[in-house]
2 protein chains.
Amino acid sequence: MAILKPQPLTKAAFAPFGDVIETADRDYFLINNDSTQRYHKLASVQLSAVSDQAIISIFRARSHAMPLMLKMMERHPMGSQAFIPLNANEFLIVVAPAGEPPNPDQLQAFITDGSQGINYHTGVWHHPILSLIDNDEFLVVDRQGEGDNCDEHFFTADTEIILDPTDVLAY
Amino acid sequence: MAILKPQPLTKAAFAPFGDVIETADRDYFLINNDSTQRYHKLASVQLSAVSDQAIISIFRARSHAMPLMLKMMERHPMGSQAFIPLNANEFLIVVAPAGEPPNPDQLQAFITDGSQGINYHTGVWHHPILSLIDNDEFLVVDRQGEGDNCDEHFFTADTEIILDPTDVLAY
């Protein structure tokens, strides 16, 4: 049995998997007659075909009881997918490198600080949204286009991977 | 002198200018083993060239004292631009139809309900972000690519258009 404990989400730690969408310690430039700070291009939408489109959706997600037994991971082989919290709540992230379906020992877990969003790069394995608050809402920016853009990988029945955020949750 | 009073933002009233990004009264479908409601494609990112990219940024905006004398409008002729509030605050919107630089009598003003974001369609004239809370933050999804994607139109010096949200603000 493997216990997966989330680490605080940082740009450096998450770089192999995607982007962290946040303002802390980031550069900006001034626009609109110097009244607005633009934290420019914190993430880019990745597409696959000329006919693909970037679209904007909202997800409302039930919370998962923790600790949680992880049963599967998914990836989007044709585009990136960004999640930005709309209610300033922390959420959990479980990722594994793009490529072959992940072995359990390749999984890494993160916890956001409430202000952070993330952008999974094309093909990065990730667990579906892991909300800690019931009916929490996220802005989602991802790809629409032809073809099957979701692969799922289910762990074998004897695989026990427990996501345990007890140490990092304040409640 | 013209007084411009904001009306509540609705999908129908804003349709000539762009999309309202919200969940109220919208359809969704269930994903992630029925644990998540996906309010799908509330907006699409509009681009102009194959080499264009949709990018994700954060704007932190100073508030404007109200009532406000409006001096200019801008448009992005090569792509859409979406603003989604990250702190659940109301904000103001002033728009005019795409096309020739607007006459003052073409301007319309809206106020959001705190949960709503918007996506200006390509070429729609709009005022730069009108935050009501100092240093309010917005997720922005817009276009990056070659060419000049911002036109500004300044009203003549004798034009007096006053944006007055007094009636619709609770504070």
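Author: A salt bridge is counted here when a side-chain nitrogen of Lys or Arg lies within 4 Å of a carboxyl oxygen of Asp or Glu. The model is predicted, with local features needing pLDDT of at least 70, side-chain atom pairs counting only at pLDDT 80 or more, and totals for chains, interfaces and linings using all residues. Residues are numbered from 1 along each chain as its sequence is written, chains are lettered from A and ligands numbered from 1 in the order in which they are written, and side-chain values use heavy atoms, with hydrogens and water left out.

Over all chains the search gives 12 salt bridges. One of them joins A:Asp167 to A:Lys5, with 2.8 Å from N to O. Its partners are 162 residues apart: A:Asp167 is in the segment after strand S17 (161-163) of chain A, whereas A:Lys5 is in the loop between strand S1 (2-4) and strand S2 (7-8) of that chain. Strands are DSSP runs of E with at least two residues, helices are runs of H or I with at least four, and both are numbered from the N terminus. For accessibility, buried means under 20% relative accessible area, exposed means over 50%, and partly exposed is in between (1.4 Å probe, protein chains only). By these limits A:Asp167 is exposed, because its relative accessible area is 60%. A:Lys5, at 45%, is partly exposed.

Another pair crosses between chains, running from B:Asp142 in strand S15 (residues 136-144) of chain B to A:Arg38 in strand S5 (residues 36-44) of chain A. The closest N and O atoms of B:Asp142 and A:Arg38 are 3.0 Å apart. B:Asp142 is buried, with 6% relative accessibility, and A:Arg38 is buried too, at 10%.

Within chain A, the side chains of A:Asp52 and A:Arg143 form a salt bridge at 2.9 Å, N to O. A:Asp52 lies in the loop between S5 and strand S6 (53-61) and A:Arg143 in strand S15 (residues 136-144), so this pair ties together parts that are 91 residues apart in sequence. A:Asp52 has 7% relative accessibility and counts as buried. A:Arg143 has 8% and is likewise buried.

The crossing pair leads to the interface. Across the interface of chain B and chain A there are 2 salt bridges by the rule. Contact, meaning heavy atoms within 4.5 Å, involves 41 residues of chain B and 41 residues of chain A. The size of an interface is often given as the accessible area lost when the parts come together. Here buried area is the accessible area (1.4 Å probe) that two parts lose on being put together, summed over both. Between chain B and chain A this area is about 3600 Å², and carbon and sulfur atoms contribute 54% of it. On the chain B side, B:Ile56, B:Ile58 and B:Arg60 lose the most area to chain A, together 19% of what that side buries.

The relation of the two copies comes from superposing them by least squares on the C-alpha atoms of residues with pLDDT of at least 70 in both. Chain B is superposed on chain A by a rotation of 180° with 0.0 Å of shift along the axis, at an RMSD of 0.0 Å. The copies are thus related as by a two-fold rotation axis. In chain B the C-alpha nearest that axis belongs to B:Leu86, at 2.8 Å. Both copies use the same surface, as 100% of the contact residues of chain B recur in chain A.

Aromatic rings of Phe, Tyr and Trp (its six-membered ring) pair if their centres lie within 6.5 Å; planes under 30 degrees apart are stacked, over 60 edge-to-face, and the rest tilted. Over all chains there are 16 aromatic pairs. A:Phe14 and A:Tyr120 make a tilted pair, 6.3 Å centre to centre with 50° between the planes. A:Phe14 is in helix H1 (residues 11-14) and A:Tyr120 in strand S12 (residues 117-120) of chain A, 106 residues apart. Both A:Phe14 and A:Tyr120 are buried. A:Cys150 is partly exposed at 31% relative accessibility, and B:Cys150 is partly exposed at 30%.
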